[in-house]
Amino acid sequence: MPSGFNFDFVVGHFNTVTYVVLMMIGFYAMTGKTNLVKKLVGMNIFQWSIILFVVSLAAKRGATIPIALGGHASLDGGTALDAAQYVNPLPHVLMLTAIVVGVAITGVALALLLRIYRRYGTLEEDELLERIRHS
Amino acid sequence: MNREPAGVVVRTVCRRLTPFVQLFGLYVIMHGHSSPGGGFQGGVILAASAILLVLAEGTDWIRRVSLPALTVLTSTGVLLYAGVGGLCLALGANFLDYSVLPFAEPRSVGMLLIEIGVGITVMAALVSIFRDLVMFE
Amino acid sequence: MKSLHVVVTVVTGLLLVLGSLDMSSPGDPNSPPATHVSPRYVESALEETAVPNMVTAVLADYRGFDTLGEVTVIFTGAVAVLLILRVTRDEDET
């Protein structure tokens, strides 16, 4: 390895590459597959990779989970909490909403797929378009 | 879709395990203040106990769940949440401003009430979605 | 046709990685997500709301209106599945 090789840079951006790979797997499944269920699974993978990526932005080196150490008892102590000691709670909160919305979307999409299969008898995209055109 | 009940070992274990799963779900909702958890997480655990029973007992079990009760439960959680906000509005402060509630530590109690509402709605909504997907003929 | 999908996917992935090279390294306490409003939430959650769990305090108190919208979303999802899948006897495929 040349002496100027910046290991911190590679290690620091390794997690971004991992989540982009996961995202592209979901993206390829959404666009490249013709089965509707595979497209739905691809959308799920895409969405979960984004949720994981945003939660990973909340990490801080050497910090603990965002629950105040000492619980209620530290209320009377009067000491202010140190913001650098706790992991950033805001991305966790926003991603809770995203997870729940994703569950609702998956439920409604599965219901639609059930109706499509009962009405047209197939879940392949090209056969489906043929049957819609001829019905 | 028709699913037969599972064998006697699976059925017995799931029946014995369900009260503990539901108790844990209630614990996660109530202890959302001082440990990881809260309304959504506890509601999903409670819904998972119902799904476990369907996997063990077959679809005849979920046929007997009363539909009006499930829909009313779904709406009750949202009503509880908006009701707490409306109560704060009626007591003179902004919407969802818990500091005017007549409890000691009003913000903590207001948060507990809305977490219970969220837990009820999430549980009933997930069981309702699962029931509709399973019982579509 | 399939190679077009692969090419588009790979190009999008490379563009995303290229766009994220300027981000600060993970674990940095001075990164932009951790400096504007989060220190205020962390420092005053316990004294203002008497709740040690900061995630619940932000979710249910500081940003309680967004959580009301989220509960409405899951409720709407359950109602939508109900409308799509429950058929009565007299109404069939039209």
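How many residues does the contact take from chain A and from chain B? It takes 8 residues from chain A and 7 residues from chain B, where two residues are in contact if their C-beta atoms, placed from the backbone, lie within 7 Å. Please keep in mind that this is a predicted model, in which local features need pLDDT of at least 70, side-chain atom pairs count only at pLDDT 80 or more, and totals for chains, interfaces and linings use all residues. Residues are numbered from 1 along each chain as its sequence is written, while chains are lettered from A and ligands numbered from 1 in the order in which they are written.

**Chain A on its own**

- Chain A has 4 helices and 0 strands; helices (H or I, at least four residues) and strands (E, at least two) are DSSP runs, numbered from the N terminus.
- Read from the N terminus, its elements run α-α-α-α.
- Of the 135 residues in chain A, 21% are buried, meaning that 20 or more other C-beta atoms, placed from the backbone, lie within 10 Å of the residue's own.
- Among contacts in chain A with a separation of 6 or more, 51% come from residues 24 or more positions apart.

**Where chain A meets its neighbours**

- The side of chain A that touches chain B divides into 6 nonpolar, 2 polar and no charged residues. Here Ala, Val, Leu, Ile, Met, Phe, Trp, Tyr, Cys and Pro count as nonpolar, Asp, Glu, Lys and Arg as charged, and the others, Gly among them, as polar.
- The contact between chain A and chain C takes 48 residues from chain A and 41 residues from chain C.
- On the chain A side of that contact, helix 1 (7–32) and helix 3 (90–120) are the elements that give two or more residues.
- Helix 3 of chain A provides the largest share of this side, 16 residues.
- By class, the side of chain A that touches chain C has 29 nonpolar, 14 polar and 5 charged residues.

**A helix pair in chain B**

- The axes (lines fitted to C-alpha atoms over the stretch in contact, with angles from 0 to 180 degrees between N-to-C directions) of helix 4 (residues 67–90) and helix 5 (residues 106–134) of chain B come within 8 Å and cross at roughly 155°.
- That makes helix 4 of chain B roughly antiparallel to helix 5 of chain B, a label for angles over 145 degrees.

Methods: Angles under 35 degrees count as roughly parallel, over 145 as roughly antiparallel, 65 to 115 as roughly perpendicular and the rest as oblique. A residue is buried if 20 or more other C-beta atoms lie within 10 Å of its own, exposed if 12 or fewer, and partly exposed in between; C-beta atoms are placed from the backbone.
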